[in-house]
Amino acid sequence: PQNHVCEEYRLLGKNLIHTFATTPGNKNLGKVITLTSSARGEGKTLTCVNLSMTLSQDLKDRVLLLDTDLRHPKVHRYMGIPSGSGRNDLLMSKDPESIIEDCIMRTDTGLHLLMSSSLGRNPSPLLDSENMEHILNLLRSRYSIIIADTPPVLLATDALTLGVKGDGMLFLLRARKTQ
């Protein structure tokens, strides 16, 4: 926890909280932050996990890490848990509100997780659906901050589709590597 890298994640988290605190809008609803990058291997999933864990230290039980990479979900690997289909189940449900509690995993640290499993087909229409909008509204009413891990923008349109529905987007670049 005293490592300088951890301190940088804390600083990023505090900056996000401060940014949303000074942004006009409904203060009672949680904020959705979409993280993406241009290509694979730029650290977006690692950043999502570390940022979420850092935020959950201050905002116990009010931070949700949302794995929205329905093509190659990886959050479960970083968290050391089996992959789940909670996100997929919600997207395909006629009544997501009735199953949302069963789909969310809770960690000992207070971080909540909504995992995905890979879909064999193009998931963009699911992410752009009214059902997705409804799910985000349900989550906003329960959490202060929702961190969404998405596929890279050069590989899929999913990040842009979800980014429009969110409140902010972080675009990650790999230092001294990304052109």
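**Stop 1: two crossing helices**

Select helix 5 (residues 96-103) together with helix 7 (residues 130-142): their axes come within 11 Å and cross at roughly 55 degrees. The model is a predicted one. An angle from 65 to 115 degrees would count as roughly perpendicular and one under 35 as roughly parallel; helix 5 and helix 7 are therefore oblique to each other. The crossing of these two helices is right-handed.

Next, display the side chains at this contact. Helix 5 contributes Pro96, Glu97, Ile100 and Glu101, while helix 7 contributes Asn131, His134, Ile135, Leu138, Leu139 and Arg142. An α-helix has 3.6 residues a turn, so residues three or four places apart point the same way.

**Stop 2: salt bridges**

Select Asp58 and Lys14, whose side chains form a salt bridge at 2.7 Å, N to O. Asp58 belongs to helix 2 (residues 44-58) and Lys14 to helix 1 (residues 4-21), so this pair ties together parts that are 44 residues apart in sequence. Asp58 is partly exposed, at 48% relative accessibility, and Lys14 is likewise partly exposed, with a relative accessible area of 44%.

Move on to Arg140 and Asp167. Their side chains meet in a salt bridge at 2.5 Å, N to O. Arg140 is in helix 7, and Asp167 is in the loop between helix 8 (158-165) and strand 6 (168-172), so the pair ties together parts that are 27 residues apart in sequence. Are these two partners buried or exposed? Because its relative accessibility is 10%, Arg140 counts as buried; Asp167, with a relative accessible area of 35%, is partly exposed. Elsewhere, salt bridges that share partners join Glu101, Arg106 and Arg142 into one network.

Select that network now. Within it, the side chains of Arg106 and Glu101 meet at 2.6 Å, N to O. Arg106 is partly exposed, at 43% relative accessibility, as is Glu101, at 41%. Glu101 and Arg142 were also among the residues at the contact of helix 5 with helix 7.

**Stop 3: Thr34 and its surroundings**

Select Thr34, which is placed in strand 1 (residues 31-37). Its relative accessibility is 0%, so Thr34 counts as buried. Which residues does Thr34 touch, leaving aside those up to four places away in sequence? The contacts of Thr34 are Ala148, Thr150, Ala159, Leu162, Gly163, Gly168, Met169 and Leu170.

**Stop 4: an enclosed helix**

Finish with helix 8. Of its 8 residues, 6 are buried, so helix 8 is largely enclosed by the rest of the structure. The buried residues are Asp158, Ala159, Thr161, Leu162, Gly163 and Lys165; Ala159, Leu162 and Gly163 are also among the residues that Thr34 touches.

To see what surrounds helix 8, display the elements against which its buried residues pack:

- strand 1, strand 5 (145-149) and strand 6;
- helix 4 (86-92), helix 6 (124-127) and helix 7.

Conventions: Residues are numbered from 1 along each chain as its sequence is written. This is a predicted model: local features need pLDDT of at least 70, side-chain atom pairs count only at pLDDT 80 or more; totals for chains, interfaces and linings use all residues. Side-chain values use heavy atoms; hydrogens and water are left out. Axes are lines fitted to C-alpha atoms, for helices over the stretch in contact, and angles run from 0 to 180 degrees between N-to-C directions. Helices (H or I, at least four residues) and strands (E, at least two) are DSSP runs, numbered from the N terminus. Angles under 35 degrees count as roughly parallel, over 145 as roughly antiparallel, 65 to 115 as roughly perpendicular and the rest as oblique. A crossing is left-handed if the near helix is turned anticlockwise from the far one by less than a right angle, and right-handed if clockwise. Contact means heavy atoms within 4.5 Å. A salt bridge is a side-chain nitrogen of Lys or Arg within 4 Å of a carboxyl oxygen of Asp or Glu. Buried means under 20% relative accessible area, exposed over 50%, partly exposed in between (1.4 Å probe, protein chains only).
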